[in-house]
Amino acid sequence: MTAQSSTTTGSSTAPDGVPARISVVTLGVSDLDRSARFYEGLGWRRSTASSPEIVWFRTADSALGLFPTDELAADAGVPATGEPSFRGVTLAVNLESPALVDAAMKTAVEAGAVVVKPPVPTTWGGYSGYFEDPDGHLWELAHNPFFPFTEDGSLDLPE
């Protein structure tokens with residue numbers, strides 16, 4: 001038996017399926033305080049829902065959690081793998097212009113990010129670069145002229 005999904009404003013659901021939304025991204029971190037300071041250095045505000053065990057940041061339409069890597073692995077029931085390596089996942093912040101990408105990259109570097117790929121024009125007509133946070137999580141800063149924003153700051157992807 002499968003559970004029926006209910007439709008709520010701003011979400012896409014399929015009958016008997018998983019809603020097409022990402023509510024929370026939780027990053028495993030080696031030093032919770034250091035990582036929290038890094039994201040605060042990006043200009044992100046720590047949520048009052050944070051505790052000594054996990055730090056939360058509200059994003060435009062989801063939440064970012066920072067949780068010690070070993071504890072996150074234990075919660076998921078998988079072994080902690082030690083040093084991070086590229087896992088085939090990146091997180092992205094889309095911005096309204098190449099100038100805003102450059103400004104955001106500057107802010108990230110000032111917060112302690114390591115630039116992996118400086119922002120450059122892309123083959124697909126946009127502008128993008130990558131940085132690593134203190135735990136090696138890759139973030140892309142991008143301007144995609146083909147994905148406009150809605151009034152609430154969400155991406156307006158074509159259906």
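Modeller: Happy to! One definition first: a helix here is a DSSP run of H or I with at least four residues, a strand is a run of E with at least two, and both are numbered from the N terminus. Please keep in mind that this is a predicted model. The protein has three helices and seven strands, and from the N terminus they follow the order β-α-β-β-α-β-α-β-β-β.

Now to your question: the count comes to three salt bridges. Let's begin in helix α3, which covers residues 98-111. Here the side chains of Glu110 and Lys106 meet in a salt bridge, with 3.0 Å from N to O. The two residues are four positions apart in the helix, so about one helical turn separates them. Glu110 and Lys106 are both exposed.

The next pair is Arg46 and Glu40, whose side chains form a salt bridge at 2.9 Å, N to O. Arg46 is partly exposed, because its relative accessibility of 38% falls between the 20% and 50% cut-offs. Glu40 is also partly exposed, at 32%.

The remaining pair joins Asp135 and Arg34, with an N to O distance of 3.5 Å. What about their surroundings? Asp135 is buried, with a relative accessible area of 8%, whereas Arg34 is partly exposed at 30%.

While we are at that loop, have a look at His137, which is found there too, between β6 (127-132) and β7 (138-143). His137 counts as buried because its relative accessibility is 11%, and the cut-off for buried is under 20%. A polar atom of the His137 side chain lies 2.9 Å from the backbone oxygen of Gly28. Leaving aside residues up to four places away in sequence, His137 touches Leu27, Gly28, Arg87, Phe131 and Glu132.

To set this in the picture of the whole chain, 28% of the 159 residues count as buried. Among contacts with a separation of 6 or more, 45% are between residues 24 or more positions apart.

Conventions
Residues are numbered from 1 along each chain as its sequence is written. This is a predicted model: local features need pLDDT of at least 70, side-chain atom pairs count only at pLDDT 80 or more; totals for chains, interfaces and linings use all residues. Side-chain values use heavy atoms; hydrogens and water are left out. Buried means under 20% relative accessible area, exposed over 50%, partly exposed in between (1.4 Å probe, protein chains only). Contact means heavy atoms within 4.5 Å. A polar contact is a pair of N or O atoms within 3.5 Å; within protein, one must be able to donate a hydrogen and the other to accept it, and residues adjacent in sequence count only if both atoms are side-chain atoms. A salt bridge is a side-chain nitrogen of Lys or Arg within 4 Å of a carboxyl oxygen of Asp or Glu.
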